[in-house]
Each structure stands twice: as structure tokens, then as C-alpha cells.
Amino acid sequence: MKNTLTRRRFIGTAAATGAATLAAPSILSAQGTPLRVGTYGGFFEDSFKAHIFPGFTEETGIEVDSIAVPTGETWLVQIKNAARAKTAPADVSLMAGTPRREGAKQKVFKVIDDSKIPNLSSLSDRFKDRYEDGGLYGVGGVSWYITLCTNSDVIPEAPTSWNALWDSKYEDQIGLLGLATNSFLLEVTATTHFGGTDILSTKEGISEVFDKLAEVVPNVRLWYKDEGSFQQALQQGEIPMGQYYHDVAGLAAAEGFPVVSTFPEEGGILDSGYWIVPEYAEADDEIAAFINYMSKPETQAVLARNVGTAPVVDPALTDLSPEELAAVSSDIEPIIPRYDIYGEHGPFISDRWNQMIAG
Amino acid sequence: MSKPGIARYVALVPSSVMIGVFFAIPFALILAVSVSSPADDADFRLGFDLQHFQRFATWFYIERALFSAGLCALIAAISMTIAFPFTYFLTTFKRRSQDWWLIYILAQLSLSEVLIAFSWQILLSRTAGVGNILAWVGIVEKSFSMTPSAGAVIAALVYLTVPFSVLLLFPALSRMDRSLLEAARTLGASPMRTFFTVVIPITRPAIISGGVTVFVLTLGAIIVPQVLGAPQHWTLSVLITDQAIFNFNMPFASALAVVLLALSASVIAAVSWLGRRREV
């Protein structure tokens with residue numbers, strides 16, 4: 001049970017086939033071979049190529065070969081298949097929550113040497129994934145928020161709490177993500193009504209949260225799986241409220257659509273892509289240099305300005321102005337997805353979810 | 001065995017090998033995966049474990065399977081009802097206009113399900129859809145969105161299947177012996193009566209096989225129910241996609257696929273058994 005943002009999945013899928021073909025025969029060993037870096041295809045990859053990689057090459061002399069990767073399982077499967085052939089499809093790449101956890105369970109990620117990455121100190125422990133023996137296998141790369149978005153023509157005063165989802169005055173007017181594993185609504189419900197996500201640690205707790213979450217069903221008009229369906233409806237006011245990506249909502253507002261993204265008082269949902277190193281990647285030093293560069297507050301600020309992602313380092317370390325920071329994040333404590341529960345209780349959650357949304 | 005018999009079997013070899021490779025092997029793999037068991041250090045381990053079928057055997061999934069079958073049967077019925085009179089009159093047209101109509105109908109088949117689903121979504125939306133026309137004409141007070149709804153799913157699926165139905169009915173109706181109709185008319189039957197007592201009975205096999213084909217085709221539709229329907233209208237195929245792509249639970253997706261296959265096989269078997277009994 002692992003999934004990440006649908007949009008990032010869609011962007012990358014087409015490119016992934018190409019990436020796999022490129023990667024299969026090459027075994028990186030000789031010095032001077034470009035470092036193969038995987039990021040989500042489309043806008044993400046373009047921004048990395050334009051704003052991030054040149055600076056890295058300038059600072060370290062290491063050339064970068066950019067690879068578009070799909071998010072989620074598809075990419076994990078490619079890494080696994082490559083590992084069977086004792087190769088790695090990229091030297092370092094982004095990977096989101098649940099598949100990262102699954103990959104770690106099957107130990108398909110290499111341990112990264114902390115000592116070669118001094119800038120790790122700028123990241124909180126939340127952005128450092130470790131094996132049970134303490135070996136580091138994932139380092140936060142980019143973050144993005146899912147918030148409560150409204151159409152200001154239809155709802156002039158945007159609600160400031162996730163509680164609005166339960167408000168009967170919005171009957172049949174809400175759009176929510178269609179999967180437990182990408183909407184993170186269990187986490188939202190637990191934080192809003194049960195004082196935090198700790199209750200999700202047991203199956204009984206998850207059941208209790210589901211009972212509460214089921215109360216939003218009559219208010220939901222659309223359970224969307226592709227971002228486009230909801231964006232259109234939100235911009236036109238057809239479905240005036242719902243959960244949506246803060247960065248895209250900002251872009252829509254900038255284009256003149258009456259869309260407002262609000263960080264609810266309980267916090268926006270913070271999802272992240274982490275850098276992982278597939279098994280059999282060999283360029284250890286170059287990889288460490290890359291992760292080190294990406295963990296620099298300056299690099300994180302460039303990302304925030306150009307890709308619209310939230311920094312994974314303490315914002316105080318960056319030179320982002322309050323306005324720039326507000327455009328990509330909020331100082332309200334975010335809701336962090338409990339990726340672990342989708343691995344542990346996957347079938348249970350998926351069945352309960354399907355039954356719930358089918359009313 | 002006589003010589004022509006052997007020749008016939010030899011002629012069957014190349015196509016049988018092709019069918020074996022392209023259908024039997026993937027199907028065997030799906031069967032094998034559907035009875036595999038989960039593993040901690042891998043996605044699944046081959047073996048014999050019925051837990052995925054046990055997971056199916058809850059009211060939720062059974063209800064979904066029955067809903068899918070019911071929906072597809074309804075689509076087949078509607079699609080045949082629309083296509084039959086059309087095809088019947090089409091066969092009475094001049095050859096040239098028949099050809100143009102058939103080209104037009106065939107061209108519809110080149111549109112992908114994705115394109116059709118999203119076009120219908122726009123067509124039925126509040127801001128750009130037919131609701132505006134209804135409001136302008138004065139039938140409704142103000143435009144409204146018609147998706148997601150069961151009606152939208154049915155409309156788009158019927159749109160998808162009518163061209164198939166026409167093509168399936170066309171050969172039988174165009175080969176029909178017109179002298180039978182003339183005989184019926186000469187003996188005093190009204191056109192309506194001729195249609196129901198002569199045309200329909202002699203083309204029944206085509207209607208039944210066309211209906212079954214449309215039924216089986218619709219069982220595999222994913223995009224239309226997902227885009228135009230609410231979760232209560234999602235078919236088993238949508239749930240299979242969820243499990244395979246989003247939850248990456250291949251064993252459970254395979255088990256659901258096996259159930260879907262069994263469902264369509266039993267419908268085909270039941271229909272052909274009923275057909276044979278009538279002939280006897």
C-alpha cells in the first residue's frame with residue numbers, strides 16, 4: 001500500500017520507460033562519468049536542469065545526467081529489476097513516502113555515509129530515514145503541501161480549519177483525493193478530532209478514525225484521482241472547496257483564477273520526496289557531494305523560488321523573505337503522513353476506504 | 001482419421017501456437033499470482049494461498065461484481081435497442097449511403113475511451129455543458145452539473161458500444177431474406193407485426209451474440225466509470241486498476257481479474273446453453 005501524488009506519477013510515467021532503457025546497460029565506475037540524477041519528470045525535471053544542476057556542476061566539477069523518474073511503485077519496481085541484473089537505473093533519485101518505506105523493507109537502497117555530508121546538520125531528523133541499525137538510506141530533498149483550497153467567488157470567506165469538511169453547509173460541494181494513500185485524510189481526521197496521529201498506530205484506532213471520517217462522505221461531490229478533474233472544477237466554482245496542492249493552487253491564483261489556498265489551523269499536509277541511492281550505484285563520493293549540495297540552505301531557497309517546493313531545512317537558515325516563504329509553506333506545524341500504517345495495514349485500510357467512499 | 005481431417009488440424013497449428021503464447025501464458029501467470037502469498041522482503045512469493053479470494057468474498061466486493069455485471073447487462077440491452085432499428089433501416093438504404101454510414105460509425109471506434117470520457121465530462125459540466133442549453137431554453141432555472149452520476153456513466157458507455165452493436169448486427173440484417181417480409185406483408189401482417197414476429201426471431205442469434213459481446217467489452221471499461229461516476233458507480237475493473245497501480249497489490253488485483261473473467265465466462269456459457277436448448 002504505497003502511493004504518492006498522482007500528478008507526480010503521471011508526469012513521470014511516460015519518461016520512465018525511456019529512463020529504464022537508458023539505464024539498463026550502464027555500470028557507472030570510471031571517474032568523469034556524469035552522475036545520473038533522477039527527479040520527477042516534466043516541470044520538476046526542467047526546473048532542476050535549469051536552476052539546480054548547473055550550480056552543482058560549477059561548485060563540484062561533477063557533470064549531471066538528468067533522468068526523469070516516475071514516483072512511487074513503478075520506479076521502485078525498476079530499481080528492483082535493475083538490482084537483479086546488478087545495476088542501478090540512476091545513481092541517486094527522489095522517492096516519496098510509502099514506496100520508500102517498502103524499498104527499505106526489501107533493502108534495495110544503499111546506505112549513505114553521513115560523514116561525507118556535512119550539510120545534513122541543517123535537516124531535522126524527520127528528513128533522515130535510517131535502517132534499524134542506524135544506516136542512513138533517505139535524505140529529504142523536496143517537500144510540498146496539501147491544503148484546504150476554496151473558490152473565493154462561491155465561498156468568499158475561506159474556512160480556516162479542516163473541520164469545514166465535516167460542516168453540513170458544504171453538502172455535495174467538496175472535492176477530495178480518491179485514495180487513502182494519497183489523500184492522507186486519516187491523518188487529517190486524527191489530527192483534527194483525535195489530538196494527533198498517534199491513534200493510527202493500532203487497527204482499532206484506525207477503525208475509530210474511519211468512523212469519524214465517514215461523516216464527510218455526504219459533503220463530498222468528487223473523489224478525484226487525476227488532479228486535472230478537480231482543478232478545473234475548483235477554478236470554475238463547480239466544486240468550490242477541497243483538498244489540493246498548495247503550489248498548483250498558487251499558480252492558478254497567479255493566473256487570475258479565484259482560487260485561495262488556506263493552511264488550516266491544524267496544519268497543511270506535508271509530503272516529501274527523499275533522495276535515495278539504489279543498490280549497485282557506485283559513485284559514492286559524487287552521490288554524497290550531490291546530496292550535500294541539495295541539503296544546502298541556499299539550494300533549498302533556489303528550489304522554493306523556482307519549483308515552488310517547501311524547504312526541507314530550517315527556513316531561518318535560508319535567505320527566503322517572509323513573502324517567499326509564505327508562498328511555499330506556513331509556520332503552522334504540518335500534518336506528517338503516517339506512511340508506516342499503509343505498509344502495515346494496507347489491505348485493511350484499502351477495503352475500509354473503498355467501502356466508505358462508495359457510501 | 002481421414003486425410004482432410006489431418007490437414008485441418010495441421011492448419012490449426014500456427015494459430016493455436018499464437019493463441020497459446022499470447023493468451024494462455026499471460027493468463028497462467030495471472031492465475032499463479034492470484035494464489036501467491038505476500039512476503040516481507042519481496043512483493044509476493046509464488047505458492048498456493050487463497051487469501052486474496054477470501055478477501056474478495058466479502059459483501060463489498062461481491063456487491064461490486066454484481067453491480068458491474070448488472071451495469072454491463074443494462075448497457076448491452078440499451079445499446080442493442082438503439083442499434084437494432086437503426087441497422088435494420090440502414091440495410092434498406094442504397095448501397096452508397098450504407099457505406100458512408102458504416103464509415104462514419106467505424107470512425108467512432110477510433111476514439112479512445114479516455115477522450116470520450118473527458119469529452120462527456122465537459123459536455124455534462126455546469127459551466128460548459130448541456131445544462132446551459134436547458135437553462136437557455138427554459139427547461140431548468142439554472143445550469144447544473146450532471147456528473148458524477150449513474151446516468152453519465154450509462155450515457156458514455158452506450159455511446160462507446162453502439163458502433164460495436166451496429167457492426168455486429170449489420171451482417172445478419174443485411175443477409176436477411178427480404179422475401180420473408182414480403183410474404184408476411186402479403187398475408188396481411190402490419191409492418192410492426194412483421195418486425196416483431198419475423199425480423200426479430202430470425203435475427204435472434206445475432207442479437208444474442210452481439211449483446212454478449214457488448215457485455216464483455218463493457219466489463220473491461222475503466223475510465224468512463226471512474227471519470228463520470230461517483231465511487232458507488234465504480235466497477236470491478238476500476239478496483240483492479242487501483243490495486244494494481246496505486247496499491248501495488250498484484251496478487252489481489254490478479255484475484256479480482258480472475259473473478260471478472262469467471263463472471264464473463266459464465267455469462268457466455270449460460271447464454272450459449274440457453275441458445276442451444278431453444279434450438280433443440
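**Salt bridges across the chains.** I began by asking how many salt bridges join chain A and chain B. The count came out as two, and I kept in mind that this is a predicted model. I then looked up one of the residues involved, Lys225(A), which forms a salt bridge with Asp242(B). In that bridge the closest N and O atoms are 2.8 Å apart.

**The interface as a whole.** Next I checked who takes part in the contact: 27 residues come from chain A and 28 residues from chain B. The area buried between the two chains is about 2,500 Å², and carbon and sulfur atoms give 52% of that. Which residues of chain A lose the most area to chain B? I found Arg221(A), Lys225(A) and Glu238(A), which together make up 23% of what that side buries.

**A helix pair within chain A.** I turned to helix α2 (residues 43–60) and helix α10 (residues 284–294), both of chain A. Their axes lie 11 Å apart and the packing angle is about 120 degrees, which makes α2(A) oblique to α10(A). The crossing of α2(A) past α10(A) is right-handed.

I also listed the residues that meet. From α2(A) come Phe48(A), Ile52(A), Phe53(A), Gly55(A), Phe56(A) and Glu59(A); from α10(A) come Glu286(A), Ala289(A), Phe290(A), Tyr293(A) and Met294(A). Sorting the residues of this contact by kind, I got eight nonpolar, one polar and two charged.

Methods
Residues numbered from 1 in each chain as written. Chains lettered and ligands numbered in written order. Predicted model: local features only at pLDDT ≥ 70, side-chain atom pairs only at ≥ 80, totals over all residues. Heavy atoms only, no water. Axes fitted to C-alpha atoms, helices over the stretch in contact; angles between N-to-C directions. Helix = DSSP H or I, 4+ residues; strand = E, 2+ residues; numbered from the N terminus. Parallel < 35°, antiparallel > 145°, perpendicular 65-115°, else oblique. Left-handed = near helix turned anticlockwise from the far one by under 90°. Contact = heavy atoms within 4.5 Å. Nonpolar A, V, L, I, M, F, W, Y, C, P; charged D, E, K, R; others polar. Buried area = accessible area lost by both parts, 1.4 Å probe. Salt bridge = Lys/Arg side-chain N within 4 Å of Asp/Glu carboxyl O.
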